[in-house]
Amino acid sequence: MAPLAYLLQANLILLILVLAYGGLVGRTTRFRLNRVVLWLLVLAAIGSPVTRWPQVQPEPIRRAVSRTADVLREPLNAVTPTQPPVFFRFPDGKTYPASFNPTPRPNWGTLAWWAYGLFTLGLALRLIRRLIRLRVLIETGTWTHYPDFTLVQAPVDDPFSFGRFVVLDQHRYSACQLDQILRHERAHIDQNHTADVLLAELVTLAFPLNPAAYRYRRLVRQNLEYLADETVLAEGVDARVYQYSLLQVSLGTTAVALPSRFNEPSLADRIRMMLRPRSGAWSWARYWVLAGVLGVVVLVLSLRELGTTPLLTPPRTNSPDCPNLNWVNFSFNSDKEEWTDKLIFRNGRTRPQLPNMNVIGLVGNHLTVTEEYRYNTDVFIDCQPASLAALSRIESEYIDELYVYEQAPYSERSADKPWRIVVQTSPRAIFPNPSRNQFLTFLQAAAMSPNPLGKQDSFSMNDVLEATFFHRKNVLVERTKNEHLKLYDDLIANTDVLINGLPASAKEVQTIHVREVDKIYTAERHFALWFRPDSPAKRFVLSIETSPRRAKRDSSYYVFSPFYSGDF
């Protein structure tokens, strides 16, 4: 999963669960259970985005959503296409290609990550600074050892505990108050509340921009104080006397008070919880509702695309070749034939650079091997040898993993067919994501073009003569009976024309005699530019450079070519 997607999902889950906790169980008196629930909230927020949940959506819904996405699909995250050729003519009569040096733009995504990292680092340094100050305060105090804690005499306004230490200024309190303070702080130590406090601080570091993280920290500290108060009252201390002591001690705060303090949090909340009746059996319904909220989160997360085959494990079923397919080295070891991977789609994404080839394509939402490769390709579906007809029955939403291999030229033994396609299918329709949409769009373009990522060619006059003689369409033009150029009829609507660097029409191409051609530059644009539903560019670019002197039949420009039959 991409880091940004993980952060967004984790922050959203934490926000939902913290709000649900505060609204449902935050006021119950099951403090020990609430402590466990608060830990589980964090684990759910951190772990849920990367957990592979089972798919629970009905099959018709998944198919409908996937097909709707196909209709609305447009290529995303495409590789930046090359610029079409444009040329300038200088006064000396020479023509030079234009140089494209776009003004660099700031990478706002990278800058945002740097800002996020620096902000988190600042918070981490602040926490470390507070811990160092706390350690210095404890080390410089006067220690008195007891069996289950260490009392530290230090000039602090509020008593607090951290780890196995209780820090306070004994001279500020009466004997009765001191006894109740020690009971309270000993409850924090015995129940290891320091771990909860540190967890809450780490949550604010992990989600520094999420208000729910700071609300979570307050809820944790609040529940810990409720637990300590409950323990003190359970030891037989009079509730009214204890509450009065709280009011007397609650004077100011300490800057280093990272851990639990005797007068933390709001006294009104603590006293209200002491007076609150114990939660009855009906309070369990609140926890079940909270579990239901977590279940809804899991249901939403299960909409993500899921794989059905482990990434680096061999296929599950036996077949002559597929069990020996090494998923790490991409070689078919049984025949000792080395194969190089040309196209890999797994875990819902491809490599950053797609290959400029068209071995496999997508036609009518079904996979197909293009005509050029139909007789040179073996197909494996779910680790079983399969036919091209079986491949053509696979719909796009059921493609889990797809690999295209070509036999390396240095293989010890040549295979019958130099190409192999391995497809792993999913039993259920896979929900689309941007990377998957880009890959499927690439396959659709590959079914239409041998160069889906674009291609540029240049032709001299003799090259043009040869190409038009054999009717090669890569030059985009053909020759008429009177030896003039003409754009292919089926390409007129999809071609931008430039003559000597200036935009021109298809009819103007017919005014150029083949003998006048100095250079012809052709380009097929990247599929992201022409295979799109919104404002598509034309697929081809034709740029013709002429040499007018050749039209005067200068003897130095006679044409000697076996592919030319016109006036020399």
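Helices here are DSSP runs of H or I with at least four residues, numbered from the N terminus. The model on screen is predicted.

**Whole chain**

Of the 568 residues in the chain, 48% are buried. Among contacts between residues at least 6 apart in sequence, 71% join residues at least 24 apart.

**Asn-34**

Select residues 31-47, which form helix H2, and pick out Asn-34 within this helix. Is Asn-34 buried or exposed? Its relative accessible area is 0%, so Asn-34 counts as buried, the cut-off being under 20%. Show side chains and look for the backbone oxygen of Val-25: the side chain of Asn-34 reaches that atom at 3.3 Å. Next, display what surrounds Asn-34. Beyond its neighbours within four places in sequence, Asn-34 is in contact with Tyr-21, Val-25, Thr-28, Asn-223 and Tyr-287.

**The largest nonpolar core**

Keep the view on the whole chain and turn to the nonpolar residues. In soluble globular proteins, nonpolar side chains tend to be buried together. The largest nonpolar core in this model has 29 residues. To find the members that touch the most others, select Leu-343, Ile-360, Leu-367, Leu-391, Leu-402, Val-404 and Leu-443. Now colour residues 434-446: this is helix H12, which gives the most to this core, with five residues.

Centre on Leu-343. Which residues does Leu-343 touch, not counting those up to four places away in sequence? They are Leu-354, Pro-355, Met-357, Ile-360, Leu-402, Tyr-403, Val-404, Phe-439 and Phe-442.

A second, separate core has 28 residues, including Leu-41, Tyr-216, Leu-224 and Tyr-287.

**Glu-397**

Finally, select Glu-397. Where does Glu-397 lie? The residue is in the loop between helix H11 (388-391) and strand E16 (399-407). Glu-397 has a relative accessible area of 0% and is therefore buried. Show the side chain of Ser-396 as well: the side chain of Glu-397 makes a polar contact with it at 3.3 Å. Then draw a distance from the C-alpha atom of Glu-397 to that of Leu-440. The two atoms are separated by 9.4 Å, while the residues are 43 apart along the chain.

Technical notes. Residues numbered from 1 in each chain as written. Predicted model: local features only at pLDDT ≥ 70, side-chain atom pairs only at ≥ 80, totals over all residues. Heavy atoms only, no water. Helix = DSSP H or I, 4+ residues; strand = E, 2+ residues; numbered from the N terminus. Buried < 20%, exposed > 50% of the residue type's maximum accessible area, 1.4 Å probe, protein only. Polar contact = N/O pair within 3.5 Å; in protein donor to acceptor, adjacent residues only side chain to side chain. Contact = heavy atoms within 4.5 Å. Core = buried A, V, L, I, M, F, W, Y, C linked by side-chain atoms within 4.5 Å.
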